[in-house]
Every structure is written in structure tokens, then in C-alpha cells.
Amino acid sequence: MTPDFPYRPVLEKTVQHALEYLDALDTTSVDATATKEELRKRLYRPLSDSGVDSVQIIDELVKDTQGGLLGSAGSRFYAWVIGGSVPAALAADWLTSTWDQNSGLYACSPAEAIIEEVCGEWLKELLGIPKTASFALVTGCQMSHFTCLGAARHHLLAAHGWNVENKGLFGAPPIRIITGERHGTLDRAIRMLGLGLDSITPLPVNQSGQLEPETLAGALEKYKAQPCIVALQAGDINTGSFDDFTKLIPVAHTYKAWVHIDGAFGLWVRPSSIHGHLMNGAELADSWSTDGHKWLNVPYDSGYAFVAHPDSHRASLSHRASYLTHDDQARDQMEWNPEWSRRGRGIATYAAIRQLGRAGIAEMIDRNCRCAKEIVLGIGALPGAQIMHVPTINQGMVRFLDSSPNATDEQHSQRTDKVVEAINRLGDAFFTGTTWQGKRCMRISVCNWQTDDADVARTVESAKRALTLA
Ligand SMILES: Cc1ncc(COP(=O)(O)O)c(C=O)c1O
């Protein structure tokens with residue numbers, strides 16, 4: 001190594017900063033404390049003509065972002081659906097950038113291509129997806145929906161004698177998408193694929209947020225002349241509820257519909273002996289979407305798509321060019337992915353699965369679900385709090401009631417938002433709101449590998465204090 005090896009000072013400094021950051025997560029505010037103005041003032045520098053020393057850049061980056069980062073890597077972050085990173089996955093992610101492989105083709109990085117092959121097989125085994133399914137490691141669940149529904153579009157239109165890749169959608173038989181509860185990423189995938197939001201038929205769901213088989217059958221009967229996609233849910237964003245796959249998928253298949261499951265976090269209950277039954281029948285679907293950056297706890301940029309019809313998956317995305325080096329004996333990722341050049345995101349997934357193992361994943365899932373329930377019950381028992389949904393898995397909701405006599409729903413909503421703000425301001429825990437069944441609620445979403453009983457106690461205590469301040 002040459003004495004002026006340029007990477008050493010900056011990487012050593014970065015390790016130090018990273019360790020200091022992670023070590024302080026337990027004692028610094030989970031909420032951001034810097035204002036927009038402060039962050040803009042610090043980060044907007046004039047574009048310089050000359051370059052800057054790399055150590056100085058990293059030091060300043062750390063200083064300038066202070067108070068502008070959320071503690072989402074830590075154990076008391078309960079907003080949206082956000083996982084942290086297990087140590088091996090974080091380290092592997094650093095190596096991913098260090099190795100800087102283009103993971104579009106086997107020829108660009110043989111080791112990364114094989115790692116992805118292994119990840120695909122491990123993930124299918126963990127999530128109970130048939131071994132024969134094809135897969136792609138994409139940026140997140142959003143692009144997973146795009147990949148899966150792109151395969152569905154190919155498959156359904158080919159069955160109607162229409163080659164969508166060549167002819168496009170003008171003049172194609174219109175595809176109908178039938179759903180119960182759904183996440184907005186499904187709508188965006190439908191928009192990007194040119195199917196149009198007007199193609200969606202949203203159906204009413206029961207008290208548990210599930211689509212009923214009779215309701216589904218009625219809609220499929222109505223649209224039986226059209227190619228149909230049925231989009232089901234494994235884990236609703238607010239309640240964590242699962243559709244009943246055992247009942248619904250056979251109904252959809254009677255009508256030759258394609259069944260897609262959005263399991264951004266829910267698919268991960270499969271290895272759990274307590275919650276795994278919620279996934280019963282999911283193996284019958286035609287495609288599945290999930291994330292690594294949520295419940296597997298790998299760093300961001302990690303979603304997974306699985307398709308039960310590999311030929312349709314490949315036909316919808318495959319592209320070859322003479323300047324590329326294709327390998328028919330290996331897996332060229334761009335044959336299955338919407339991206340061309342891309343990062344070797346399989347490396348962090350590989351490391352996370354190895355660190356946790358099947359039992360470790362199941363333990364984390366069960367612990368997170370238990371903690372979610374205890375937080376809901378603990379906060380729900382505080383004066384003026386009302387439990388809206390006790391978690392069946394890791395998602396729950398409470399709201400906070402305005403104590404004035406004859407308070408309206410509007411006042412309860414305002415009180416709820418105020419209490420959420422007050423909890424976040426205290427800095428021990430971080431939550432966000434949602435509107436569920438017309439009522440403003442605070443969501444409790446537990447996805448971090450580190451969250452434990454001590455976090456639950458600290459969170460409930462902090463909420464108790466916040467109630468006196470709001
Ligand atoms: C059920 C569901 N589907 C899809 C998504 C989107 O996932 P991503 O942000 O990885 O695209 C989310 C995110 O919270 C989700 O909860």
C-alpha cells in the first residue's frame with residue numbers, strides 16, 4: 001500500500017463517525033431537531049471550482065446534517081414501516097459500495113450474480129414461495145409491484161393473443177385490476193405500466209379489512225371477458241391485516257385471473273410459528289412483492305419480486321445487446337430487473353440472512369409483534385387514550401381524546417396530532433399519524449431488529465409525559 005493511499009484517511013474517519021452515530025442513537029433525539037432553515041444554511045454552499053479534501057467533506061457532512069437525521073436506525077422509531085440494519089448487513093452494504101460492482105450482468109460481477117442466485121433461493125424458502133418462481137432484487141416494494149405486474153401484463157395479454165412488448169397497449173384488451181385494501185405503490189405501478197387508475201375496481205372489505213370470496217367472485221364474474229389481476233394484501237399498512245389467501249386465490253384462478261400479493265412487510269411472518277399461518281395459501285399466488293429494507297433489516301434500496309411464471313417475467317423485461325456480454329449458463333440480472341446498471345444489493349441481503357438465520361428472523365418478527373402489542377396496550381391505558389387497533393402482527397393504532405365535554409371527532413383528531421407531536425418532541429420515540437375509518441390515529445409500527453422490552457417501557461413512559469405537555 002502506498003503511503004499516500006488516498007482511501008485510508010477518509011475511510012478510517014468514516015468508520016469513526018459511523019460508530020459514534022450508532023453508539024449515540026440511544027441517547028439522542030429520535031426526531032429531527034434542526035429546522036429546514038438551519039439545514040439549508042449549513043448545506044447550501046456555493047458550487048466550488050476547486051475540489052475539497054475528502055476528510056474535510058466527510059467531517060462537514062456529519063456536522064452539517066446534525067439534528068437533520070431521524071433515528072430510524074434505532075430501536076424506538078415506530079413511524080411508517082421502517083426497519084434498521086443488522087450489523088452484518090450494514091457492513092456488507094459498505095462493501096457493496098467499496099466493490100462498486102455493476103450488478104446488471106453475470107459478466108460484470110460473477111460473485112454478485114451468484115450471491116443474488118443464492119438470495120433468491122433463500123428468500124423463497126424463508127417466505128414460502130414455490131421453488132420454481134423467478135425473482136428479482138429491486139429497489140423496493142414499489143419497483144417490485146412494477147416488475148410483478150409487468151409480468152402479469154405480459155402473461156394475461158399473451159393469453160389473449162396480444163404481444164404487449166411489441167404492440168404496446170393501444171388497442172390491447174383492457175386489463176381490469178380488482179383489489180380490496182391496497183397500498184398507494186400499487187396505484188403507481190399501475191400508472192407506470194400504462195394500465196391506468198380507471199382500470200382499478202376497489203371492492204369493499206369486511207370488518208377485518210379482508211376481501212370476501214363472494215365479493216371477489218361477483219366482480220370477477222362481471223369482468224370475466226377481460227384479463228384480470230387480483231391484488232391481495234399480506235399486511236395492511238394500518239392494521240397489518242391479511243387477506244384469506246386459501247379462500248380467495250382459488251376463486252381468482254377459476255376466472256384465470258392473475259393473483260398478486262403485496263407483502264411489503266407481511267410476507268416476513270412466514271418463518272414465525274405464531275404468525276406464519278396468516279400466510280397460508282399465499283404460495284398459490286402468481287406474484288409476490290416484499291422488501292428487505294423493512295422487516296429483514298437491511299439498509300435501504302432493497303425490495304424483492306417473485307413471479308410464479310418465469311417465462312412471462314423474463315419476456316416482460318429481457319433485453320440483449322451485442323456490446324453486452326451475456327452468459328447463458330448464469331443469471332444475468334437485467335433479464336429479470338427493470339434496471340440496467342445497478343448496485344449489488346444482494347450482498348446486504350445475503351449478510352442479513354446469514355446473521356439472523358431462519359430462527360433469528362422468526363424471533364425478531366415475534367418480538368417486534370409482541371412489542372407492538374405492548375406499546376399499544378401501554379399507551380392505550382393512559383388517560384385520554386383510546387385503542388383503535390390491537391396489533392395482530394406489528395401494526396397498531398391508538399388515538400387521543402379531547403377532554404372537553406361533547407368534543408367532536410375533529411377535536412379528537414387535533415388532540416391526536418398534538419400528542420404525536422409532543423411525543424416526538426420529547427425525543428424518546430417517534431410516531432406518525434394516519435386517518436383510519438375516518439378517525440385520526442397514531443400508528444405504531446415496530447420493525448427494528450433491536451426493539452425490546454426496555455424500549456417498550458421507555459416509549460410508554462415518554463407518551464405518559466407527553467400527554468401532560470400536549
Ligand atoms: C403494504 C405496503 N406496500 C408497499 C409499500 C411500499 O414499499 P417501498 O417503500 O419499499 O416501495 C409499503 C411501504 O410502507 C407498504 O407498507
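A hairpin of 5 residues leads from strand 8 into strand 9; helices (H or I, at least four residues) and strands (E, at least two) are DSSP runs, numbered from the N terminus. The model is predicted, so to speak of local features a pLDDT of at least 70 is needed, side-chain atom pairs count only at pLDDT 80 or more, and totals for chains, interfaces and linings use all residues. Residues are numbered from 1 along each chain as its sequence is written, and side-chain values use heavy atoms, with hydrogens and water left out.

Strand 8 covers residues 385–389 and runs antiparallel to strand 9, to which 4 bridges join it. Two strands are said to pair if DSSP finds at least two bridges between them. Across this pairing, Ile-387 stands opposite Val-398 of strand 9. Strand 9 is also joined by 4 bridges to strand 11 (residues 439–445), again in the antiparallel sense. There, Gln-395 has Ser-445 of strand 11 as its bridge partner.

Buried means under 20% relative accessible area, exposed means over 50%, and partly exposed lies in between, with a 1.4 Å probe and protein chains only. In a regular strand the side chains alternate between the two faces of the sheet. Both faces of strand 9 are covered: one side carries Gln-395, Met-397 and Arg-399, the other Gly-396, Val-398 and Phe-400, and all are buried.

Strand 2 (residues 176–179) likewise has both faces covered, with Arg-176 and Ile-178 buried on one side and Ile-177 and Thr-179 buried on the other. The pairing of strand 2 with strand 4 (residues 228–233) is parallel and has 4 bridges. Within it, Arg-176 stands opposite Cys-228 of strand 4. Strand 2 also pairs in the parallel sense with strand 3 (residues 200–202), over 3 bridges. Here Thr-179 stands opposite Pro-202 of strand 3.

Attention now turns to the ligand. It is surrounded by 14 residues, of which the closest are Gln-142, Asp-262, Asp-291, His-293 and Lys-294; a residue is near a molecule if one of its heavy atoms lies within 4 Å of it. The side chain of Asp-262 has an N or O atom 2.8 Å from a nitrogen atom of the ligand. For His-293, a side-chain N or O atom lies 2.8 Å from an oxygen atom of the ligand. A polar side-chain atom of Lys-294 is 2.9 Å from an oxygen atom of the ligand. Of the 390 Å² of accessible area that the ligand has on its own, the protein covers 84%; such areas come from the Shrake-Rupley method with a 1.4 Å probe.

Two loop residues complete the account. Lys-256 lies in the loop between helix 10 (245–254) and strand 5 (258–262). Its phi is near 60 degrees, a positive value in a residue other than glycine. Lys-256 is exposed, with a relative accessible area of 72%. Gln-437 is placed in the loop between strand 10 (432–436) and strand 11. Although Gln-437 is not a glycine, it has a positive phi of about 50 degrees. Gln-437 counts as exposed, at 56% relative accessibility.

Definitions and conventions:
A polar contact is a pair of N or O atoms within 3.5 Å; within protein, one must be able to donate a hydrogen and the other to accept it, and residues adjacent in sequence count only if both atoms are side-chain atoms.
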